[in-house]
Amino acid sequence: SSSALRMVKASSIKLAACLACILCLSNIAAAAPIFESAAHPRRWQRPVRPQHGSWRTGGTDDDLPPNYLSVRTFGAKGDGVTDDSKAFQAALSLAAQDKGGIVVVPEGTFAIGAPLTIGDGVVLQGTYTTPPSHTVGQQTQDTPTTGTVLYATYGSGDEGGAPLVTLQHNAALQGMTIYYPGQNGTAEPVPFPWSIDMVGDNAAVQDVECLNCWNAIRAIGAGRHYIARIQGQPINTGLLVDKTFDIGRVEDVHWNPWFSPNPVFMRHQLMFGRAFVFGRSDWEYVLNTFAFGYAVGYHFIETPDGAMNGNLLGIGMDLAINASILVEASQPMGLLVTNAEFTAFVSPQWIDPKSADFNPTHVVVGPSNAGAVKFVNSAFWGPANQIALVEGTGTVGFVGCTFTEWDGKDVGRYAIQAFKGSSVQVNSCEFQKKAPQIHLEKGVKRATVIGNIIHGEEQFDYDRLNGKLKVDLNSSD
């Protein structure tokens, strides 16, 4: 039919147009300059990672593509006895002189008896492409035996000594375990210098296990730092960030007692250890971080350079002896905590609850804080004494949160207690335990307690004559 003929003609025209387009593109491609040609040298090339079986198992520079160096070539033994620090630093220094490169470290246990410095544009690359984890030291002094291991052998008892690895501008540390043979998993821990010190902008630490470090990672003056996929059991301090004036990123950092859960070894960590400490940082992004068994999970402090503002998403703290979150200072823009999970309590498995006057609390906001601290869609459980103690002039808010447990000793403690001069928001939350919920001390500056679900009877204590305290639309049994 004429209609079918028109359809065939239209299809033929479309096909011809497509063929013409393909031919045109082919001619353009043929005429376009090729980056690999002598006249047009390659502008950029993604580094080709060597394949397993060459440098990963002990090969030398002959096995590597350009811009790669192996510590084996410079004399590193990886036998856990020979001090390989000079070989490492020789390779790192040569890479820095060449304006950047990748220094690879194959499988082995590399004793490091002196500090290392990773220069501008240099990467120290181990065998791991995901964060390793090892369970050693709990019963015997076995060492990690897989992958790349830095065996830190200097600095015992010298917390203020030179860090094990210092990262300068654009430097990176990737794919290895840091292990201290001087730590005994069944004895009191020994102080050592910082394991990783980030001192330049754009420095990065990825896929590293800080197995039994005293102080793990310090990033001071390291704008746009990138700290990702880190695991281990730091004993005194897990991460310290300060003097960061451009956006820092901390992702997938998990501290667990993989080296040793022994009560003697864990005591310092539980009584004095801090998992994450933040001083001055502008626009810090913290994603999917977790810690188990510290005095304080997340500690926000004021330093000479100031305090932090930032976005904390999916963070967690389990077994906080003192506080899951302790805020001494924050910037006016505040700390935005979303989808977080916290437990705070004292476990007799590690510490006798009667050995000291413990007051495990999920959130403690101190009198010096002047910035906003906001929790959204977060959960709080474990037999803590209280959910929150609120002081300072900054507004502290809880929206859409779940409060499962508090008043762990059943002595009538309020879940949330706000002190004179503070401002607090508790809106659209759920109080699951049948215990006192909110105490607003006389002199609280402002408060809204609206739209909460309460299991049992409503137990609020506040000045009902103070018109600035808005309490309404709460639903109780």
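1. Strand pairing. Gly 310 has Leu 335 as its bridge partner in E21. The model is a predicted one, and in it strand E19 (residues 308–313) runs parallel to strand E21 (residues 335–338), with four bridges joining the two. E19 is also joined to strand E17 (residues 281–287), by five bridges and again in parallel.

2. Helix H2. This helix has 13 residues and covers residues 85–97. From the first C-alpha to the last it reaches 18 Å, close to the 18 Å expected at 1.5 Å a residue. Its buried residues include Ser 85, Ala 87, Phe 88, Ala 91, Leu 92 and Ala 95. An α-helix has 3.6 residues a turn, so residues three or four places apart point the same way. Lys 99, which follows H2, has a positive phi, near 65 degrees.

3. Aromatic pairs. There are 18 aromatic pairs in the structure. One of them is formed by Phe 88 and Phe 110, with 5.5 Å between centres and 65 degrees between planes, an edge-to-face arrangement. Phe 88 belongs to H2 and Phe 110 to strand E4 (residues 108–112), so this pair ties together parts that are 22 residues apart in sequence. Both Phe 88 and Phe 110 are buried. The ring centres of Phe 398 and Phe 403 are 5.8 Å apart and the planes are at 80 degrees, so that pair is edge-to-face. Phe 398 and Phe 403 are buried too.

4. Aromatic cluster. Phe 398 and Phe 403 belong to one aromatic cluster, together with Phe 342, Phe 375, Phe 380, Trp 406 and Phe 431.

5. Nonpolar cores. The largest nonpolar core has 107 residues, and Phe 398 and Phe 403 touch the most other members. H2 supplies the largest share of this core, five residues. A second core of 10 residues is separate, and Met 266, Trp 350, Ile 351 and Phe 358 are among its members.

6. Surroundings of Phe 403. Beyond its neighbours within four places in sequence, Phe 403 is in contact with Phe 380, Ile 387, Phe 398, Ile 416, Val 426, Cys 429, Glu 430, Phe 431, Gln 432 and Lys 433.

7. Ala 388. This residue sits in strand E26 (residues 386–390) and is buried, at 0% relative accessible area. Apart from residues up to four places away in sequence, Ala 388 touches Thr 361, Val 363, Phe 398, Ala 415, Ile 416 and Gln 417. Its C-alpha is 7.8 Å from that of Val 365, at a separation of 23 residues in sequence.

8. Cysteines. How many disulfides does a search of the whole structure find? The search finds zero. For Cys 401, the closest cysteine sulfur is that of Cys 429, and at 4.6 Å the two are too far apart for a bond; the cut-off for a disulfide is 2.5 Å. Cys 429 is likewise in no disulfide, its nearest cysteine sulfur being that of Cys 401.

Technical notes:
Residues numbered from 1 in each chain as written. Predicted model: local features only at pLDDT ≥ 70, side-chain atom pairs only at ≥ 80, totals over all residues. Heavy atoms only, no water. Buried < 20%, exposed > 50% of the residue type's maximum accessible area, 1.4 Å probe, protein only. Contact = heavy atoms within 4.5 Å. Phe/Tyr/Trp six-rings, centres within 6.5 Å; stacked < 30°, edge-to-face > 60°. Expected span 1.5 Å × (residues − 1). Core = buried A, V, L, I, M, F, W, Y, C linked by side-chain atoms within 4.5 Å. Pairing = 2+ DSSP bridges.
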